[in-house]
Amino acid sequence: MDLASKAGKHLQLKESFERHTKIHTFEMHIIKAKENYAGNYRCEVSYKDKFDSCSFDLEVTESSQAVQSIDIRSAFKRSGEGQEDAGELDFSGLLKRREVKQQEEEPEVDVWELLKNANPSEYEKIAFQYGITDLRGMLKRLKRMRREVKKSAAFAKGLDPAYQVDKGGKVRFMVELADPTVELKWYKNGQEIRPSAKYIFEHKGNQRILFINNCTMADDARYYVTAGDEKCSTELFVRDPPILVTKGLEDTTTYIGERVELSCEVSEENANVKWFRNGVELSNDPHSRYRIKVEGKKHTLVIEEAAKNDNATYSVMTTGGQSEAKLSVDLRPLKISLALEDQTVRLGQEIHLKCEISENVEGKCDRVKLYHKGRIHRFVIASAAVDDEGEYMFVPDAYNINIPCKVHVVDPPKLHLDGLGENNTVTVVAGSKLRLEIPISGEPTPKVVWSRGDKAITDSGRIRAETYPDSSCLVIDTAEREDSGPFRIALKNEAGEDTALINIKVVDVPDPPQAPNVTEVGEDWCVMTWEPPANDGGSPILGYFIERKKKQSSRWMRLNFELIKETTFEPKKMIEGVAYEVRVFAVNAIGISKPSMPSKSFVPLAVTSPPTLLAVDGVTDTSVTMKWRPPDHIGAAGLDGYVVEYCFEGTDEWIVANPELTDKTKFTINGLPTGSKILVRVKAVNAAGESEPRYHPQPILVKEVIEPPKIRLPRHLKQTYTRRVGETVNLVIPFQGRPRAKVSWEKNGSPIDKNEINIRNTENDTIIFIRKAERCHSGEYNMKVEVENLVDKATIDIQIVDRPGPPAIVTIDDVWGENVNLSWKPPKDDGNAAITGYTIQKADKKSMEWFTVMEHYHRTSATINELIIGNEYYFRVFAENMCGLSEDATMTKESALIAKDGKVYKYPVYDDFDFTERPMFTQPLVNTFAVAGYNATLNCSVRGNPKPKITWLKNKVIIMNDPRYRMFSNQGVCTLEIRKPSPYDGGTYTCRAVNALGEAEVDCKLEVKVGIIAALALRTKHSKLWILQNKLVFSN
């Protein structure tokens, strides 16, 4: 068992080095020995390629004396001058004992077992307590550890699910193999581990051991070992040593508002330390009252202004200890610096009371909300009310003292017109009753007088005034439009007076607008306008409602459900070609007017959309041919034709190219000067007028352009074109080339006979047509397209096939028992196609009725079985190709008699087949590009009998005993692996195969490039930069 993974509170491993004496000291401390600690212990020391070890036995006996710890420091001292191999291991000081102080026994804690059984909410607390820095990574690896491990046939004993070691310690991995001859490989995070001073391999029987010395946080990873196709994995966790509290917290007493600092010191600088208040963790948030300051090993909790609620127990916790202290915050004696003063204010004015005391404490005041800022306390009433008059008192928190004052409020008469509109305007609908109530205030109750002009309003009549203690009402029964105008109200009492003018406005619905005008008509829409009504009814026009109906109908349909503020509208979704009428309603705050007179009837009818896909179809020295597609939308008015217009570049004068409409989608503009540039547009025309023009995006140069010839040979003609005799051959081969491309054909190097084969050429393609194909039409057809001095060629293979002729000769080779052996020769005429098989038939000599015994038979000899003894048979054979069976069959000249007497069959004698073969490469090497620093492989395949010997060469030099190369050969597949090549590994690589019958070679070129990633990896080789990248090999 590797003790590095078991280090903890009861077992500690330490290492030190004295520079003057150049002695390494290794210590193992057993804090409190137990009976199960007895056994054999061994210490292993390695340096580069040097290795040494020492072992001893430990006995644990019961004793009443103080517990002794074992110091084996002297067993690991190395002396000498510091050279590589200087000094010897000295174990003379082994097992020296010394007394230590009695320590309280603490249970040994396995962090990983603790995490397995812990609640997920406690993971962070456990991670901090036991020094785990990568909690998220540890939980992922812990999840992999919980997976069920399948039973392995290669490993008799596998790795533990996890190992634990302190930083700087040593760990030991051990597996036991079922078969000690199996090749074993160790991996760390997928990278193979090589022997070194850090990694030491040891074999003991079936045991395979890996030692990792001087563990660092970089060794915290996933490890696995492979034996053949099986794998066994584990997780190694490296933890930092515990951090101790060297100087604890001290109890502190202070006053409210004072700055408080609680300090402690730990064993390491910049250590991770957590602060708690009554067991609740404190965060170093910028918005928090608590600030944590770190100065080397000293950690300080700062409270800028202590408060009463800061009384608590504060504690600090590290991974190796904790300390706590109590903080007490008391009150200071209170002094009144500024007392509250008595005030007298008018109703509605601001009440502002202010006092100042010596301490920064809050307080309370009767009936009002206080505002505190440091030692100053105030409250403000923005608008004083009658109820605000009285005595006020401020009482500081936690102090038995109060600061009183008195406030007196004066209330002059006032009209409250907040509920009225702008300019104190009140609107009433004509014919309705108005009861306007105006709230009033004042002490004593003021006298109210209503008047209109110079005439006072009494408390009787159609227009009258009514007065109450807190309000006054103006009443108008059945309001008339003449009642509009200003009314005056006046208040007066001993404290003052107040007056106001109130405007009464009598409103009604507006008059109807005039009949609307339709100014523009589209496909399913129109644009209508109208004038506002002459009389708005005393209220502004809020908007309009629009209605529409068909001329032959009496049903009006509302077009808008939200008011239209403008005097224009665009009705939509009308039926093209149907007559409509529209009308308008005016709306104000009172209601909707009567409808306007209907408009004149109109019919929606729209022009088409612009033509599409306008493009140049051809250009000569004096003309331009344009083509386009019809409009996407034509409509009910149809399409009468197109207008083509052009203008010369630099001018705005558009010239009509076709005085009469053209119904075609292609037009040639003639009579253009050579070398000029023109702009072209096309319009669609129908009964509604011309559509929007479609412009060609670029100016067109009036000059014939030479286009190189290019034959666009269809894909199916790039292979042999096969047809049967009598079928029609019709091949269309498009090509491009301008101007005046010349096409010529040849068959098998000779001109084509146009009496047998029809050729038709156009500007864009050529057609070869054979109405009834014959076998003589088979051959190689060469097509050539010429444009001035430019030529393009293409070749088409045409194969005309027919049914084959019958086999040449059919003979009976042997007759035995119920069997007949036939043989024949292939037909002289194969029908210009490969023979795909034969059909064999038999006939009894008596009846001469033919029966098929074999179909689609591929050989030229066959054995006919299960013939009837005593019968005499004739046989015939048909040949078959892709067109079918031959018209005739070849019959045997003689018959075969199946004799009743048994005959002794003489088996034919066959010579042994010679399977020997000289070497031959079935898959050659391929030129390869590799990236420096990443493994590259070269592969090829070879066959031969006897099995050839494989030799690899680089630049014609045999590769032998070079650890950078690994060679494999499996089932004829040969592989050369080049480990981490450099640019010097580039060159010509050859694979040579040799056996007794001869030899064969195949070679390729390997070029090693230093890519960006590879160059970065080389430059950062010694800076601990990890580059995670798969192997990159590029093959051409």
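1. A residue is called buried when its relative accessible area is under 20% and exposed when that area is over 50%, with partly exposed in between. By that definition, buried residues make up 37% of the 1036 residues in the chain. The model under discussion is a predicted one.

2. Overall composition. The chain contains four helices and 86 strands. Among its contacts between residues at least 6 apart in sequence, 62% join residues at least 24 apart. The chain exposes about 62200 Å², and carbon and sulfur atoms supply 48% of that area.

3. A four-stranded sheet. The strands E27, E29, E32 and E31 form an open, antiparallel sheet in the order E27-E29-E32-E31. Strand E27 (336–338) and strand E31 (371–373) stand at the edges with a single partner strand each, so one side of each lacks a neighbour in the sheet. From one strand to the next, the twist averages 25°. E27 pairs with strand E29 (residues 351–357) over two bridges in the antiparallel sense, and Leu338 has Glu356 in E29 as its bridge partner.

4. Strand E34 and its partners. Strand E34 (residues 403–410) has a covered face made up of Ile403, Cys405, Val407 and Val409, while Pro404, Lys406, His408 and Val410 form the uncovered face. Strand E28 (residues 343–346) pairs with E34 in the parallel sense over four bridges; here Gln343 stands opposite Val407. Strand E33 (residues 390–396) pairs with E34 in the antiparallel sense over five bridges, and Glu391 has Lys406 as its bridge partner in E34. The hairpin of E33 and E34 has six residues between the strands, and in it Ala398 takes a positive phi near 70°.

5. Which residues surround Ile840, once its neighbours within four places in sequence are left aside? Its contacts include Leu822, Trp824, Phe851, Met854, Tyr857, Ile864 and Arg876. Ile840 belongs to strand E70 (residues 837–844) and counts as buried because its relative accessibility is 0%. The C-alpha atoms of Ile840 and Tyr857 are separated by 8.1 Å, the two residues being 17 apart along the chain. Ser539, by its placement, is a loop residue between strand E45 (526–529) and strand E46 (541–550). Leaving aside neighbours within four places in sequence, Ser539 is in contact with Val507, Asn588, Ala589 and Ile590.

6. Backbone features in loops. Asn945 and Pro946 are joined by a cis peptide bond, with omega about 5°; Pro946 lies in the loop between strand E79 (936–945) and strand E80 (949–954). Asn189 has a positive phi, near 50°, although it is not glycine. Asn189 lies in the loop between strand E12 (184–188) and strand E13 (191–192) and is exposed at 53% relative accessibility. Lys956 likewise has a positive phi, near 70°, in the loop between E80 and strand E81 (957–958). Lys956 is exposed, with a relative accessible area of 56%.

7. Salt bridges between separate parts of the chain. Side chains of opposite charge can pair when their charged atoms come close. The structure holds 34 salt bridges. In one of them, Lys170 and Glu44 meet at 3.3 Å, N to O. This pair links distant parts of the chain, 126 residues apart: Lys170 is in the loop between strand E10 (162–166) and strand E11 (171–177), and Glu44 is in strand E3 (residues 39–47). Both Lys170 and Glu44 are buried.

8. Lys433 forms a salt bridge with Asp477, the closest N and O atoms being 3.7 Å apart. Lys433 lies in the loop between strand E36 (425–429) and strand E37 (434–441), and Asp477 in the loop between strand E41 (471–476) and strand E42 (485–493), so the pair ties together parts 44 residues apart in sequence. Lys433 is exposed at 54% relative accessibility, whereas Asp477 is partly exposed at 23%. Lys549 forms a salt bridge with Glu581, with 3.5 Å between the closest N and O atoms. Since Lys549 lies in strand E46 and Glu581 in strand E49 (residues 580–588), this pair ties together parts 32 residues apart in sequence. Both Lys549 and Glu581 are buried.

Note on methods:
Residues are numbered from 1 along each chain as its sequence is written. This is a predicted model: local features need pLDDT of at least 70, side-chain atom pairs count only at pLDDT 80 or more; totals for chains, interfaces and linings use all residues. Side-chain values use heavy atoms; hydrogens and water are left out. Two strands pair if DSSP finds at least two bridges between them. Axes are lines fitted to C-alpha atoms, for helices over the stretch in contact, and angles run from 0 to 180 degrees between N-to-C directions. Buried means under 20% relative accessible area, exposed over 50%, partly exposed in between (1.4 Å probe, protein chains only). Contact means heavy atoms within 4.5 Å. Accessible areas come from the Shrake-Rupley method with a 1.4 Å probe; for residues, only the protein chains shown count as cover. A salt bridge is a side-chain nitrogen of Lys or Arg within 4 Å of a carboxyl oxygen of Asp or Glu.
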